[in-house]
Each structure stands twice: as structure tokens, then as C-alpha cells.
Amino acid sequence: MSAALLKHWQRAMDWRWLLPVLLAGGLVVAFAIPHFRLLNNYVQLVLICVGINIILATSLNLVNGYMGEFSLAHAGFMAVGAYSSALLSMKVLPVVTHPALFHLAVLAGGLVTALLGLLVALPSFKVRGDYLAIITLAFLMIVKSALENIDAVGGPRGISGIPRLTTLPWVFCWTAALVWLIRNFVYSSYGRGVLAIREDEIASDLMSVDTRRVKILAFMLSAFCAGIAGALFAHLLQFISPRVFDIVKTTEILIMVYLGGIASIGGSILGATLYTVLLELLRPSTVAALLSWLPAVVFNPLNEYFIRHLGMLRMIIMPLALVMVMLYWPRGILGMREFRGFIPLGDRWPPPAVRPRGADVA
Amino acid sequence: MTSASVYWLQQILNALQLGSIYALIALGYSLVYGILTMINFAHGDVFMVGGFLCFLAATLLGLPFVPTLLLTMTATAGLGVIIERMAYKPLRNAPRVSAIITALGVGLFLENLTLAFYPYPQHVPPLLLNVTWRLGGLALSSLQLIVISLSLTLMLVLDYVVRRTMVGLAMRAISWDKTYVPLMGVPVNLIISITFAIGAGLAGAAGTMYSLAYPVIDPYMGIMVGWKAFIAAVVGGIGTIRGAMIGAYILGGVEIIVVALLPSTYRDLVVFSLLLALIVIRPHGILGAPRAQKV
Amino acid sequence: MKKNLSRFLNLLVLLAAMALVGCGARAPKEETIKIGAIVELTGDMPAVGASSRNAAELAVGALNHAGGIVIAGKRYRVELVTEDNAAKPDQSAAAANKLITQDEVIAIIGPNASLGAIPAAEIAEANRTLLITPWSTNPKTTLDTASGKPKHYVFRACFTDPFEGRVLAGFITGKLGARRAAVLYDVASEAPKSQAELFRQTFERLGGNVVAFETYTTGDRDFSAQLTKIQSAKPDVVFLPAYYNDVGLIAQQARRQGIDGILIGSDAWSSPELVKLAQGAVEGAYFANHYSTDIATPVAREFIAAYQQKYGKIPDDVAALTYDSMGLLFQALKTASAPERQAVRDAMAAISGYPGVTGDIRFTPGSGDPVKSVVMMQVKGGQFAWVTNAAP
């Protein structure tokens, strides 16, 4: 029975219009939710966070999963994007009167971060593996420390009062756009170069893969996306400070990536969604509300001994669960595998039943 | 003694103390990396657990210094072996990054477990009599001297073990080649466990001394110290023992000098920039030898 | 294989059903009104969060025991919804959002530390919900960043940093007659940094000389380098506006380095954990506080007795201020024209004299900052002893 189900699933995924329809539907839903208040603000906030985390996880997966490096600088990229876009939208651009300029600020934040990504890419020519990890870690600490020392950007106080311009439809658009960008990069010749570098850098260099250019592009794209995610984050929270972008934040993004699966865009989406939603669901007040229908005899002791301490318990259980997942799926849940809808038609296995006219269309 | 030289001598002592503690932790990273090419990110938290075990031994059991130190070292060594057996051994053939993430997970678990028991910072009772001698303006603390000398002793013992004993020979052999050495009758799993035990035991000793030198302990204290010791190990050349020691003292020295010369706000910035520069100039660290890659 | 699959599917359906039922079934047993509390239960300062939560629960429990609260002629039971912000700004903002939109609370108490209070205050202001912070002394919490004018919906129960800095500098130059001061503060933390800077401004204006102005970062343990610098500058007093967990280490290391000057602290010293962590090193030190058990009014004595009976320890200033915040909120609810957020806010702004545990609290029109005195304390024999009050 499951074999037939699988075949139907694959047939559905092979429909040419699948992704455009899904995107259009998603866009409609994303606009409808805030407009018709289908879900309350808190749930919308969670959805926006999921979107931002998807961007972060997918962009980190590009460097850590597809290219096989170990970059710890992602929170630093996020910080740079957040700060630059916040400063732009607060000091330079008249965002309040022209909300469309918000996207310019976000884009600018991404571009500034991309330049920084170039800086991080440079040491990666000579250095690989754990030494690159140190360099990226040092970079993260330097960004954080620099932001704490520059009083013009608020120092340790950070920037507050950033206009709240991130909304669900815009986050959906940016997430879809960046995931599409990364997916196209991965399945382009640059992307194949990235995979080649992961497998054997020396051999790929000999086989005329321009490793320098590929590494620069990969780091810059990863940083660009992280910067945009940071910009969206800043305009959501309305307050950023260096403390938010520390090694703990990088660790969270790493967990999302490795949990969902390395070298898998679908995996990053899964990991980001799972992590964000689970963390929110496991709040003591949420669990208490969900279980409030239980009779008081069962609920009260449960509340006293378990739910009240859920804040503490979930931080013990989540890392343990992560370790368990790693032991059973060392590459993550969807590691090295991909959601069929993202793979170009020509690369799919088994091949689609109906071939498009003309050459292999990606 | 001029006041300037007194000032600098004081700072040198501070640097030696800080460096000694970093060294003990950095050795754990280097040992594990040398033998498994794996970065054990839970190491900083093992250090933190060592500090808490020292606290427990001193308050619950009321033990004096030497039994506390031995008990803590033994307990953390055991913890290291348990972590290795349960979380790292199954992943020996998996991609390296999975082991790293598992290590991060184990670290988080240790932090939050300790937090669940001790949400408030705790004060460690002074087990060592801390006498301060004033020599012409210089404040010499007996605690500082004990920390420095004890750390150096432990490092010398480790160096002896690795260079002169059969166990050390086995460790060095396995770090060189893992496929053919077992065929020569070396019990790989046992040696790996011993390596973890030694590394964790040293971290436990570092935790004890740290919690006596800075008697306020909290579950998050291992994070920054762990990352800094890791950087020290890499700067010195990860995988080498002498390198870890040198890197740690350099890091301690740079930290103290930067604060002594510049406004303390720039400490992290300058330290990490210098380290970045060092790694870029000499990627394999000071004593690290680049392993030739066969194509 | 098939059996396992069907069992798994059954379990899934059951869980889904439970979840759906859980989502729907939230019918309250009687009319309840919800108050949100954001406290630091995990993170850097769990003692602060625990104190605050204890006091809040004490206040709500006492109120409900006495029959609840009457708003606009109708009786309500009060339900407290507590969220943890782990002493982090982004979690504060998320918690505020959740309480306002998901739990639909009528007002929020907390957060306590300024680094969490400022972002939460922004969210409350944007959502027109009353927020009262018990312990945040940073002036920015109640000020609108863009215009510099006071916010409309944010109040606090304590005095502010500028006032505290003035009082401390005045106390040091006046009562202690000190002329040379050294400062050591956490550069990465909001409250200590602003307190250090305000102290320096005021101290120098009063004719003093700040001989050393050193910094460290949150989480640092080793202050030997900074303390060596301070020691060579030979100050009369050392100002340490740090949270209680840092003071322990700094004070001990300072004494060991031979710094004999008097230590001065800010209101962040007020936790009873301080002496446990610092031991004898803070003996004789002075610090600013919000209330003192030595000069307790009858209202305060009643609160102290109730708190001690329920939790077994003497309440610290965070607890006292939280209790007062709850009291202010209850007062506002009672005098509000309707159980709506706007009405409650207007009622709060109109409070002209509330006899709180920490003194008489009244709000001046247009400002969310109350007019209050600073209580100077000294550490004597391991206990906190009252020295003097300083009124604005």
C-alpha cells in the first residue's frame, strides 16, 4: 500500500505547476491572515519567526551542509544585517512615510552583510575545517565586541524603537525568494562546484572548478541571506542589542540545520519549523492552557510538578532529544536527501513520467 | 622596585594564573582532537561540572582540599568516559559534524541539568588558606601560587605519561593512524576512553581550582572559558600537548596585557583580532604541523 | 509492520483529538481577569525573577482569598499568567507579545531588569496595554525613543537612575567626605553602564575626582587586571553598580589586591544572595535600596510577615516593589470605569497617593515615574542595616 502511496506522491510532485501554485496559495494565505485576523498576533509572530529561521537555517546549510565547512559566524552576519538595516530605516530613509522603502533597507542590510561574507571567505582559501571554525568564531566575537564598543550604534544598549515593518506577507515573500535563490544556486554549476569542494577540494581544483570563486559566492550568498533575516528580525522585535547575537544564537541556528538535515533545503525548512514551533509550544502557560480540560484531580499535581517547571525541563529534554536524533540520524532527519519538489526535473529519481518538451529544464 | 615594575609583575602573575587554568582545559581539547580529530564542545561544561562537584564535595561532604581535588578529578574523568561511550562512540564513523553537534547537545544538557539543581550562583567555601604576602607593593596570593604550581605539575605529569609510558605510546600511535594500529594489538576503544578520562580529569582539576580562585560558580561559567580554551588549543596547534600549553599561556597573557594597557572595553575585540591574525598567518597554530594530504 | 503502522496512526489521531479539544475547551469557571507577569526565572538573575514571582503570587492569592476584585460593579477573580524572559531582550519582547495578544491580559507587571523592560515597554506602548515595571530604573523604559517624551502606557514603581546617581554621589561627597572615586562596571549591561556614567557626571559636578573608570563584560570572572589599575590609582571609594552575582567576585578580589576603600553599590545589590556570595568582602559597604525592613511601616510589616510565612524568607526589594506594583494595579482596576485596558491605564495615571510597602507612591501627570525616596543601606555584620533616606 505504501508503495502505491509513494508513487502517487511522486506523481503529484512532478506536476509542473506545483511550486507556482503552492507559492501563490501561500501568498494569498499570508495576506489573508493579518487582513482578516484569522489568527491572533502571537501566532502570527510565531509564523514570522519560523520564516526568519527558515532563511537562517537554509543559508547556513549552504556553507555547513553543502560545502562541508563549519562556520560559526552566522549570528554575526545576522547582527550586521540587523544593525545596518535598522540604522538605515531609522536615520536615513523616511520609512514611516514610504513603507516600501523598508525593503530597500532590508536589501541594503543584506548587501552590507554580503561584503562581510566576502571577508570571511578570504581565509577559507588557505584554511579548512576546524581552523576555519575558529576564524568564524573569532569573527563572531569581534562583531559582537565591536558593536558593544561603538556608542554611535548604541553600544551595549543597542537600538530601540525600530519601526515595526515586518509583517507576515513580507516575510513570506522574502523567505520564498531567498529559498528559491539558494535552491537555484545549489542546482547550478556553482552549486555543483560547492558539492565538489565538499567531497574533495584538491580533485575539484584539478578538474577546473574555480574553488576561490565558488567559495566567495557561497559565503556571500549565505551572508546575504543571513543579513536579510537579521534585518527582518530587527524590524520585528523593534529592539536589537549585541547580546542577542551571541554564540548561543549561532548554536540555535546550527541545531536547526543539523536537526533538519545537512545539505537539504527541505531539511532546513523542517528543522527551522520544528525547532521554533516546539520551543513555543513547550511554554508552561501554553501547555497549561492546552491541558486545562483535564479534571482538576489530574491537572493540579501535573501543573505543580511538571508544567510549572516546564521552562527548565524543556531545556534539559531538548538537548537530549537532539543527541538522540543525532545518534539515529547522524546527518539529520532529511540529511543528504531532498524534498522532491525542489530537485530539478532532470535530476529526479525515478524520472518524472512526463518529460517536458525540449532539453532538460531545471 | 619601581611602581611600574611592581604593576607589571602583578599583571604577569595574573596572566600566569589565568593561563594555567586555560591550559588544563585546552589540554583536554587537544588530547581528544589528537586522537579522534573531534572537537569536544562539551568540554567547557565538563569543566563547569567539575567546579560544581568541588562545591558539593566541600559543602555536603565537608572535605578538605586534597580529597576534594582527587574526588572531583575522578568523578569528572568518569563523566568524560560516560559521555564518550554513550554519545561519541556510536558516531565514530559518521560525518564529523554530527559528533560536533552531539557534543554541543551534551554540553547544553549538562548546563541545563546543573541549572535545574542550582538556579542561583553558589559560593564555594575557601578550602585553601589564602594568605596574601605584600612584597613592596606586590600582592602575592598563596592561592595564585598553588594554582600555578599545581597546574604545571599536572601538565608535567601528563607530558611524562604521553612520552614515556606505554599508554601514552598507544595514544600517540592511534592519533597517527586508526586503521592499522589496532591490528598491532592496541585496544583502541580502551585507549580512547582513557584519553577522554584524562582530558576530563584535567578539566575537573581546572574546575576545582577555578572555583576556589573565583568562588562564585554558576552553570553558565563553562561557556566562555570553554570557547577561549578551545581557541588557545588551536592557536598552539590543536592535537599537540605542548602546543595547547603554549597557546593557553599566550591567550592568558594577551587578555591580561590588553586590559592593562587599553580600556577594558576593548579586551575581547583586541584578543580575538590578534587570534584571527595569528590563525590567518599561521593556520596550523604555533606548534601544529600540517598533515600532508595524499591526493 | 501493518499492525505497527495502524497503532501509530491511532496514537496520532488520539493526540490530535486531545490537542483540538484542548484548544477549544478553555471555558473559565467564573469571571476572571488576567494579569500578565514577565519575570527572569532563568538566565543571569534567577533570584530577581523568583522574588518577583513570589510577591506577585502572594498578592494575587491574597486578593482572590478576599473574594476577588470589583470592577465597575462586577466581581472578578484574578488570574496571574507568568512568562519567563530568561533576562534576555528578545524573549522579553516575545513574552510581552504573547501575553497581550494570545493571553489577552489586561495589564503586565515586569520585567525587572532594564534590559528586558525596555523592549517589553515598547511592545506594551504600541499595543496600548498598561505595563508597570517594579524594578527597572533606566529612564529609557518610560520614555519614547523617537520623541523623548514620556510614554503613555508604561509606569514604574521605583525611582530612576539619574536620581539614584545624584543621591549616591551626594552621599559619598557629603556623608563620607570622599574626593577620589573609582568605578568598575559591566559595559555590556544596560543598568550598570548608565548608572556608572550618571555617577561620574554627578560626582565630578560636586567637585569629586573619578580616578579610575574601568569596565568588564558580562560573565567575566577575573578582574585582577582592572583592579590592579584601580589599586594603583588609590581611590577613597569604589563604586560597583553590578548585579549581586558579580559583586561577590569583584569585592573579594578587590580586598585581596589590597583595595581598602569603601565599596558603594547601586540598587542592584539588594538581593539577600549578596552576602552569601561576597561573604566578608562587602562588610561595611553602602548601597542604595528601595526599602528597608528596619524602618518598616505597618503596611510593610504586614507584607513582610505574610511573605515570610509563605516563603520562609525575608522579602527583598524586588519582592516589595512587585507587591506594590500589584497593589497599584489593583487600585487602578478598582477605580477603573470598565475592565478595559484604556480605562485601567487612565485609572493608574490618576493614582495620587498609594500607601505601598516601599513608601508613598504617586504619579505626576504626564509621567510614568513615581516620586520616591532612595533608602541608603549598609552591610553590617552580614545583614543589611538602614542608614538614611534621601528624598527628591
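Which pattern does chain B follow when read along the sequence? In this predicted model, the order of elements in chain B is α-α-α-α-β-β-β-α-α-α-β-α-α-α. That amounts to 10 helices and four strands in the chain.

The overall dimensions of chain B come next. Its C-alpha trace spans about 60 × 50 × 35 Å along the principal axes. The radius of gyration of chain B is 19 Å, and this agrees with the value near 19 Å that a compact globule of 295 residues would have. Of those 295 residues in chain B, 56% are buried. When contacts between residues at least 6 apart in sequence are considered, 77% of those in chain B join residues at least 24 apart.

Two residues lie between the strands of the hairpin, and B:Gly136 in the turn has a positive phi of about 55°.

Where chain A meets chain B, the contact draws 32 residues from chain A and 36 residues from chain B. On the side of chain A that touches chain B, at least two residues are supplied by each of α6 (130–149), α11 (247–260) and α15 (310–328) of chain A. Helix α6(A) provides the largest share of that side, with 11 residues. Sorted by class, the side of chain A that touches chain B holds 26 nonpolar residues, three polar ones and three charged ones.

Is A:Leu137 buried or exposed? A:Leu137 counts as buried because there are 24 C-beta neighbours inside 10 Å, where the cut-off for a buried residue is 20 or more. With neighbours within four places in sequence left aside, A:Leu137 is in contact with A:Leu72 and B:Trp227, a pair that brings together a residue of chain A and a residue of chain B. As for A:Tyr83, 54 residues away along the chain, its C-alpha atom is separated from that of A:Leu137 by 19 Å.

Chain A also meets chain C, through a contact that takes 24 residues from chain A and 31 residues from chain C. The elements of chain C that each supply at least two residues of the side touching chain A are α1 (2–24), β3, α3 (89–102), α4 (114–126) and α6 (190–205). Of these, α3(C) gives the largest share of that side, eight residues. By class, the side of chain C that touches chain A has 15 nonpolar, seven polar and nine charged residues.

Turning to chain C as a whole, its secondary structure comes to 12 helices and 15 strands. The radius of gyration of chain C is 23 Å, close to the 21 Å from the globule rule for 392 residues, so chain C is as compact as a globular protein of that length. The C-alpha trace of chain C spans about 75 × 65 × 45 Å along its principal axes. Buried residues account for 57% of the 392 residues of chain C. Among contacts in chain C between residues at least 6 apart in sequence, 68% link residues at least 24 apart.

Strand β3(C), residues 74–84, pairs with β1(C), residues 32–39, through eight bridges, and the two run parallel. In this pairing C:Val39 stands opposite C:Asp84 of β3(C). Strand β2(C), residues 69–71, is joined to β3(C) by three bridges, and here the strands run antiparallel. C:Val70 has C:Arg75 of β3(C) as its bridge partner. The hairpin of β2(C) and β3(C) has two residues between the strands, and C:Ala72 takes a positive phi near 50° there.

The domain assignment divides chain C into domain 1 (32–158 + 296–361) and domain 2 (162–289 + 376–390). How far apart do the C-alpha centres of the two domains of chain C lie? They are 29 Å apart. In the contact between these domains of chain C, 14 residues of domain 1 meet 14 residues of domain 2. Two or more residues of the domain 1 side come from each of α2 (46–65) and α4 of chain C. That side of domain 1 of chain C divides into seven nonpolar, three polar and four charged residues.

How values were computed:
Residues numbered from 1 in each chain as written. Chains lettered and ligands numbered in written order. Predicted model: local features only at pLDDT ≥ 70, side-chain atom pairs only at ≥ 80, totals over all residues. Contact = placed C-beta atoms within 7 Å. Nonpolar A, V, L, I, M, F, W, Y, C, P; charged D, E, K, R; others polar. Rg over C-alpha atoms; globule rule 2.2 N^0.38 Å. Buried ≥ 20, exposed ≤ 12 C-beta atoms within 10 Å, placed from the backbone. Pairing = 2+ DSSP bridges. Domains from an automatic or database assignment.
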